[in-house]
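Let's take a friendly walk through a protein model. Keep the sequence and the 3D view at hand as you read.

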Amino acid sequence: MTSLSFSLAPDALVKLHNTLICLSKFSDSVTIEAEQNLLRLSTLNSTRTAYSAFGLEADKFFQSYAFSRRIEDETARADPLDRFCCQIYLKALLSVFKGRANEKDKDTAVELCEVELYEDEEQTACRLAVRMICGLGVIKSYKLTYEPISAQHAVFDRSRATNQWAIEPKFLKEIIDHFSLSAEQLDISVDAGKAVFTSFTTKITDGKEVLKQPVHTSVAIAKQDFDEFLAEENLHVAINLKDFKSVVSHADSLDATITARYTRPCRPLQLAYEIEGLRCEFTLMTRGEADGEQTSSSSRSNAPQLSARQTPVPIPVRQVHSKNTNDNAPPVRTQASSRSIRPLTGNSTLNTQRSSSAPKPPAASVDLDSLFVPVDDDRQWDEPNYEAQDEDVLGWDATGDQEPLGRGLRDTEPASASHQNQTEPSQEGMGIPPTQRMSQVRGLGLFD
Amino acid sequence: MEPIFSAVSSNVHHLYTLLQCIGFSHRATVQITPDGIRFSVEEARVIQGLAFLDKALFSNYTFNPPNKEDDTSQQLPGESDDSPESELYPCFVISLSALLETLKIFSINDSSAVNSSRSAPMQTSNHSSSNAFTAPSLLLDHSCTLQYLQTGSSLSVTLNEAGVKTTCDLTTYEPEEGEIDIPLQRNAIIMKIIMRSAWLHNAITELDATNPTALKISASATHKPFFALSGTGGPFSESTVEFSVDQQHKQSASSTAETHHKVLAEDGSSRARAKRSKLAPTVTETFLVSPPSSRGPRIIEHYRFALIRKAMRAMAVANKVSIRGDRQGVLSLQFMIELDGSSAGGASIRSRPPAGQPLGDNVSFVDFRFVPLIEGEAEEGLEEDTGR
């Protein structure tokens, strides 16, 4: 039996609305987690490359907050994380917490918002009750349907981040204005003491027709404008520009200084900021040119950087590697199977997903790395995600020959060894280039 | 030959505002009476909209009822209350959408017109007259003539704008046989609630956000919640807007229940609020609920939300709304629309008290009637809609 109730003052309601707007740019539905002193709203986008989380602190953000959970089941009691988790369609939430600032009728403006959730094992209602108490005795109440799920989080180890900078959002907002509307990616680098933000679009051609023109716009920000700046020179990381825009516009609405932390390309980058009672974190997968030498040395140490907070028992994913691995193998499949899946413990489970079959254009795989893929213990998510991955791959394969970013784009890339007639995992292993991580090699069960 | 009907209006926008309220259907039945023109719109016999363009809206209004050969002793219009008389008034069907398009010609470049139709009527009354660049000064040369020559001829709309004359002849059709109004039993009204239309509009907008299929109206004179509107059957949620007694104003609302009989004419909602009886929601000016004894203390009726939505334009424009329900559940929403200053054009306006005075000549009414979903049908309808 779970009961959760909290109330919000009008100004917190505005913040909540902005938060929901920001979340809605990442996903269709939001995961709500209630803990003893924290309410967390998080989303993971459909391609699992962007994770956003907002922590609302019980005693600061809310007027009142009460969460209680009584567990009859002894086994469940063992769960150290005493929390309740559900998922709600964001559109429904937004229609309830819609912008009320411009309501012309001040008399009936919202004075207090009460939210209640009560779950009993006996009942199957699954309703989140929201009551807006407005002036003149007008009460608006809603019952929203929610779906109980278990939450997924991207965990980012801040202590391992080697690059870090912090800046006021207005500077970033300014530079966004310069970027072309059609730009899709944002490259962040440091050049001669300046932070250079470059928006770009990968050229996509369909036959003779050019679907997307590459446009590069670079804007540099002097180090002095940063509150704090510590980043490696000439290190390029690229993230989705749309995500970046969403984050910056939300941070700007709160006027909170954004801190970015990252290590290197193809490892997650985190943007974080906080104000009184509200913590915001965005973990975004980066793409870019991973330097081979650096990759191999740093991959293992960095591996734990991103991991799942909740780690159910991993289901051994064993995809039979029956696919013919000749050059004609469709690149799409190659992409999908190139995701590095390693056992939780790093030992004997065969990583049969690995394929080094088709001579694969490395550029095509750039953006495919989901946040969770490089993580050893996240394999349980991979299986149901094939579809999404495939779709994604299709888009990127069109750029196959462009190779705008050169080779060796990501550390987990099995690269382009084209071995004919590979039918056994052992042969596969030979196709793995030096950039292969040690843990992955172990995963094949060959060198353990 | 003298036309049956001819009327000149110097403020087309008023006509447009009123007719737009019932613009949910393409065809309107028009009846010309000595007191004004009545536009009636209906859809599938379950919703009906009525807009009455009072002759006060026109600076010149002449009506010569057609003489029937067998009725030589016809009285002058207005002097007879006999019901057969009204049947003699010309009645025809026109394309309402075409008429609205025509009337819009003036509004195209008139931003104030757009504003006044959207914003709260109370504000507009002062607003447009205060600005030298808005309606009155610019609309001086505008005039609109409606003319109906003889039975069966077209309705001609002539718009005059600084020498530019636009004439539009709208074909008239014979009304369908048996076109009857949705009957509201005036002697069996069991619910009468008068409140500011903005609050109803606000509530319906709120419910609309969750895309419900049915609107539930629940009212009780004795039990909480006294007056509640719920949207049911939406895909994600159910929502309710409840009008209750404002706790903060409870103390001041100590006095008697006599203010129940507050009438529309009384101005100043805050004053009315203070004198309210405890058992009426704060936002209502009149709150009369007397359910028949057979139905318990609470009146609950369901209406199709899509139909209610059709009245939203009127809700947005209107100043006050009177919500009435009869024993059979027929819902009547009567909207009082206050039009800004220069309705009839000419000196009579200036002699009138400043805007804000209710029930002046420039007040018009738009009426909506809804047939309820009968019990069982409400649920069926929901299943149907959610199943889609």
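The report below goes from the overall picture to a sheet, its helices and some aromatic rings.

## Ground rules

This is a predicted model, in which local features need pLDDT of at least 70, side-chain atom pairs count only at pLDDT 80 or more, and totals for chains, interfaces and linings use all residues. Residues are numbered from 1 along each chain as its sequence is written, chains are lettered from A and ligands numbered from 1 in the order in which they are written, and side-chain values use heavy atoms, with hydrogens and water left out.

## Chain A and its confidence

Chain A has 11 helices and 23 strands; these are DSSP runs numbered from the N terminus, with helices (H or I) of at least four residues and strands (E) of at least two. Of its 448 residues, 55% are buried, where buried means under 20% relative accessible area (1.4 Å probe, protein chains only).

The average pLDDT of chain A is 70, and 59% of the residues score at least 70; pLDDT is the predictor's confidence in each residue, from 0 to 100. Please read residues 373-382 of chain A with care: their pLDDT is below 50, although the stretch has 43 contacts beyond near neighbours in sequence. A contact means heavy atoms within 4.5 Å.

## A sheet with helices on it

In chain A, 10 strands form an open sheet with antiparallel pairing, in the order β10-β6-β2-β3-β4-β22-β21-β20-β12-β18. Strands pair if DSSP finds at least two bridges between them. At the edges, β10 (147-148) and β18 (226-230) of chain A each pair on one side only. Inside the sheet, β3 (residues 38-44) and β4 (residues 50-57) of chain A are joined antiparallel by seven bridges, and A:Arg40 sits opposite A:Gly55 in β4(A).

Helix α1 (residues 10-24) of chain A packs on this sheet, with β2, β3, β4, β21 and β22 of chain A as the strands touched. Helix α6 (residues 241-254) of chain A packs on the sheet too, touching β4, β20, β21 and β22 of chain A.

## Aromatic rings

Over all chains there are 21 aromatic pairs, meaning Phe, Tyr or Trp rings (for Trp, the six-membered ring) with centres within 6.5 Å; planes under 30 degrees apart are stacked, over 60 edge-to-face and the rest tilted. A:Trp165 and A:Phe197 are edge-to-face because their ring planes stand at 85 degrees, with the centres 5.8 Å apart. The two residues are 32 apart in the chain, in strands β12 and β14 of chain A.

In chain B, B:Phe368 and B:Phe370 are stacked, at 6.2 Å centre to centre and 10 degrees between the planes, and both are buried.

Terms used:
Buried means under 20% relative accessible area, exposed over 50%, partly exposed in between (1.4 Å probe, protein chains only). Axes are lines fitted to C-alpha atoms, for helices over the stretch in contact, and angles run from 0 to 180 degrees between N-to-C directions.
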